[in-house]
Amino acid sequence: LVLKNSSISIMMEGDDHDDTAGASSSSMEAKSANFKRAFQYWLDKSTIHVVPRWLGFVVLLCLFFLRIYMVQGYFIVAYGLGIFLLNNFIAFLSPLELEDPSDAQGLPSTASEGKEFRPFARRLPEFKFWLACTRGALTCFGMTFFPIFDVPVFWPILLMYFFILFFMTMKRQIMHMYKHKYVPISFGKKKHRNAGTEQGVYGGGMSRKGN
């Protein structure tokens, strides 16, 4: 009887432990979901604040390079961040149609088509460009606190190679822009009069006179 009662009590304690573990895991999942929801909410609200977002990124980038200067190391991390930012910048400047290099139907082929107002559809939209750059800078800033990433390199060689790569990449991008007669901006192009403005109370072309 004593052994039987002991086994029953052990089983009950095991069930209580499982219930506690399940409750704690579900609580952690709920907290994680709430955090992700709140983060996404504030991230969505920041989409219209373009200038403050990029100012924050510039401050973060300055802190990163200040960290590099203070410790005099992690130059390979800085080089990797530079290549990452360059790749994202090229994607930001490239039109959406260039995802397939052989397909350039949507790009203008004459000067008149290039001057016509066409909102520039980017392969990497501005918000995603900012988000990728900020995440990359934050990741690299965190890497500077781990000595394993401090690979000894001769940094002038890396700097020279980065500038050569930047020059060649930008030259190729500018040549492509010149070939297809497009610019990666939407303002400054000719557009129809009253284009993009709502007419009347309900928009959709209803005039005030008809009301």
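This note goes through the fold, the helices, the ring pairs, the salt bridge and the surface of the structure above.

1. **Basis.** This is a predicted model: local features need pLDDT of at least 70, side-chain atom pairs count only at pLDDT 80 or more, and totals for chains, interfaces and linings use all residues. Residues are numbered from 1 along each chain as its sequence is written, and side-chain values use heavy atoms, with hydrogens and water left out.

2. **Overall fold.** The chain has 6 helices and 0 strands. Along the sequence the pattern reads α-α-α-α-α-α. Helices (H or I, at least four residues) and strands (E, at least two) are DSSP runs, numbered from the N terminus. Of the 211 residues, 26% count as buried. Buried means under 20% relative accessible area, exposed means over 50%, and partly exposed lies in between (1.4 Å probe, protein chains only).

3. **Contacts.** A contact means heavy atoms within 4.5 Å. Take the contacts in the chain with a separation of 6 or more: residues 24 or more positions apart account for 82% of them.

4. **Helix 3.** How many of the 19 residues of helix 3 are buried? The count is 14, so helix 3 is largely enclosed by the rest of the structure. Helix 3 reaches 27 Å from its first C-alpha to its last, close to the 27 Å expected at 1.5 Å a residue. The expected span is 1.5 Å times one less than the number of residues.

5. **Helix 6.** Helix 6 covers residues 155–180. Its 26 residues should span 38 Å, and its end C-alpha atoms are 38 Å apart, which agrees. L158, F162, T169, M170, Q173, M177 and H180 are buried in this helix. Which helix do the buried residues of helix 6 pack against? They pack against helix 3 (75–93). After helix 6 comes K181, with a positive phi near 55 degrees.

6. Most residues other than glycine have a negative phi. Q72 has a positive phi, near 55 degrees, and is not a glycine. Q72 sits in the loop between helix 2 and helix 3. Y74 is found in that loop. Y74 is not a glycine either, yet its phi is positive, about 60 degrees. Y74 counts as buried, at 6% relative accessibility.

7. **Aromatic pairs.** Rings of Phe, Tyr and Trp (its six-membered ring) pair if their centres lie within 6.5 Å; planes under 30 degrees apart count as stacked, over 60 as edge-to-face and the rest as tilted. By this rule the count comes to 14 aromatic pairs. One of them is W54 with F57, edge-to-face, at 5.6 Å centre to centre and 90 degrees between the planes. Both residues lie in helix 2, 3 residues apart, about one turn of the helix. F57 counts as buried because its relative accessibility is 8%. F146 and F149 also form an edge-to-face pair, at 6.5 Å centre to centre and 90 degrees between the planes. F146 is partly exposed, at 47%. F149 is partly exposed too, at 34%.

8. **Ring cluster.** Which residues do ring pairs link into a cluster? They are W54, F57, F89, F92 and F129.

9. **Salt bridge.** Side chains of opposite charge can pair when their charged atoms come close. A salt bridge here is a side-chain nitrogen of Lys or Arg within 4 Å of a carboxyl oxygen of Asp or Glu. A search of the whole structure finds 1. R53 forms a salt bridge with E126, the closest N and O atoms being 3.0 Å apart. The pair links distant parts of the chain: R53 is in helix 2, E126 is in helix 5 (residues 126–143), and they are 73 residues apart. Is R53 buried or exposed? R53 counts as buried, at 5% relative accessibility. E126 is partly exposed, at 22%.

10. **Surface.** The chain exposes about 15,700 Å², and carbon and sulfur atoms supply 67% of that area. Accessible areas come from the Shrake-Rupley method with a 1.4 Å probe; for residues, only the protein chains shown count as cover.

11. **Nonpolar patch.** V59, L63, L66, Y69, M70 and V71 make a nonpolar surface patch of about 620 Å². Patches are made of residues with over 30% relative accessible area and no salt bridge: like charges are joined within 9 Å, nonpolar side chains (Val, Leu, Ile, Met, Phe, Trp, Tyr) within 5 Å. Y69 lies in helix 2 (residues 50–71). Y69 counts as exposed because its relative accessibility is 59%.
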